[in-house]
Amino acid sequence: MDIERYVVNVRRQFTGETLMGARHRMGELDDWSAPIPAARNSEQRRLEAYVLQALGHVQGRHPLGVVEAVPLTDRLTLRLESPEAVSAVLSLLPFKDRRKSRHGVIDLRAVSQSRSVGLALGRSGSGRVQLLGPRGCDVPSVLTAHRVAIEERQHVPLWTEETPHDPLPRPLRKSRASAKRRAPVGLVASDPDVASALLRRVRLWQELSTGGMVTISCRPQSEVEGPAWTVERIVPAGEQLHDERVGAVLGERVMGSGLTADTDGHLCGEAECLQTFASGRLLVRSVPGTGVFPTAGLNTARQRSLAELLRWQASPVSSGRRPLGHVTQLLKPSTDNTKRAEVASHLAAAWAYQGLRTLILRVVHGKSAHWRPVRLSPGAGGMFEERIAYGSGELAGALARARKHFDHTILVKASYLDPPMAGLSPLADDHLVVVCGVFPRATQTATMRAAVLEHRAVALSPAESAVAWLHTRLTRIPLAHLPVTGLVLQVQDAADEFDFLVDAELADRGLTVLGRLPARNRHIGFRTVLDDMPDHQRSVILQQSEQIRNGLGPAQRNADALKAAIHAYMTAL
């Protein structure tokens, strides 16, 4: 299965989008590191928390009555299956009763559109949700009916665009009365981050249990302790309550919500199964049902894609074969403007696309972070990333673990962390120098004769170009003392005959060009073969990445000679 079809199928299982709609929106993303975008601002997350609370107990053929969720960074579109579900969301709209007490979400506004109702939260309307209904449902008429019902009770709607917002509080004065007036009455946006992650992936619960039902509720405002949100799964009769896929899919960090299961938060019995996530912020309660609920049918291809995704969540270890356990370090001259992170991503993504388990291990200033997936990959391959804090002494242990779990580990260590050796580590099996691959074709000189400035260009031979390039690009790497496996060149254009002749000259001087990878265009985002890119560009990167991999040595080679070379070089300094 190609990467586009695989990622689209997995996303549709989480959101319920149409095939054409999901393909179009995936093509608009800069990359596929987060195929389901997270809400950008706090108002957007807060509005989605209110909507989830309103839909929490809506029942239908789809979870919470949501047929389709279309998540974008600045808004969320929900297609609901019934007018009753639309009315449940509209119950959030604020109004004032005859006693002039206000109810609902005070700063929420609603406007009728051609076939939908748009909700906006906040003074600037930065939180936005668009409500669509089923075929034949006039959603604006549902809003009109809701307004008529409010006015018949002699209440005043406060959700129109003309309704003024509360005045801003004075910066030097706290008013308890104004704070109480601005707060939502009877509603609280409890843990909006968790709520937004759940609502944007609401269709997932249907994919996990056919014929079941799900309800979502938030913690009452009167309670201080306990989970902020509770998902109750009513499992069809005859099925097991505990489902390993629940924890795996909630903890998945690329397509999922990244809510990791608590180590001591699982309690399973005959009557119910309880699981807590994200340090107790989310509780998933599974209870048996008395029958089978009517639900929409499932797509077989999407189910296979989800099963393939969940295979990797428990551990990247494959039970079928032993990992290769190879470690490659990328080096970069301090004066060169190449990006090793881009080369590492290109290689890891390409090797994962070809069925290998790859890890990018970064040595950084800051906190360490255990490996996590950074791209989705069909088949047996996988692309992960881990961060190790510089000076923590964890590098040797991290590499030892990586050899047991991954085929290829790419070590990226900043050269300024170890300047005399250009960051070279004896723990790696191979060392590749990442450098700009533009070879000089001529030398330029300028002379002044009779007050006239003249420019002159002298063409260089491949041998002269190789020498000039070495003195320009690799002066800061002690190639005479520390051995490297080869060169990886970052280029903008394809190589021609002159470039290959220069490659031969470099090989005669002991530096082999293993491959060429594209440099990022400053006007577009960075994409790998596991993202959306033209087929011809993907094939070139795959071919070059395989060529680089074939040029590497064996895993866990004897490093005594390299350690001796490093010791001799450091002693001579």
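The paragraphs that follow move from the whole chain to selected parts.

This is a predicted model, in which local features need pLDDT of at least 70 and side-chain atom pairs count only at pLDDT 80 or more, while totals for chains, interfaces and linings use all residues. Residues are numbered from 1 along each chain as its sequence is written, and side-chain values use heavy atoms, with hydrogens and water left out.

The chain has 16 helices and 23 strands; these are DSSP runs, with helices (H or I) of at least four residues and strands (E) of at least two, numbered from the N terminus. Of the 573 residues in the chain, 51% are buried, that is, under 20% relative accessible area with a 1.4 Å probe, counting protein chains only.

Helix α3 covers residues 42–55 and has 14 residues. From its first C-alpha to its last, α3 reaches 20 Å, close to the 20 Å expected at 1.5 Å a residue, where the expected span is 1.5 Å times one less than the number of residues. Because 10 of its 14 residues are buried, α3 is largely enclosed by the rest of the structure. Among the buried residues of α3 are L47, Y50, V51 and L55.

Strand β3 (residues 95–96) is joined to β8 by 2 bridges, and F95 stands opposite P157 in β8.

Key: Buried means under 20% relative accessible area, exposed over 50%, partly exposed in between (1.4 Å probe, protein chains only). Two strands pair if DSSP finds at least two bridges between them.
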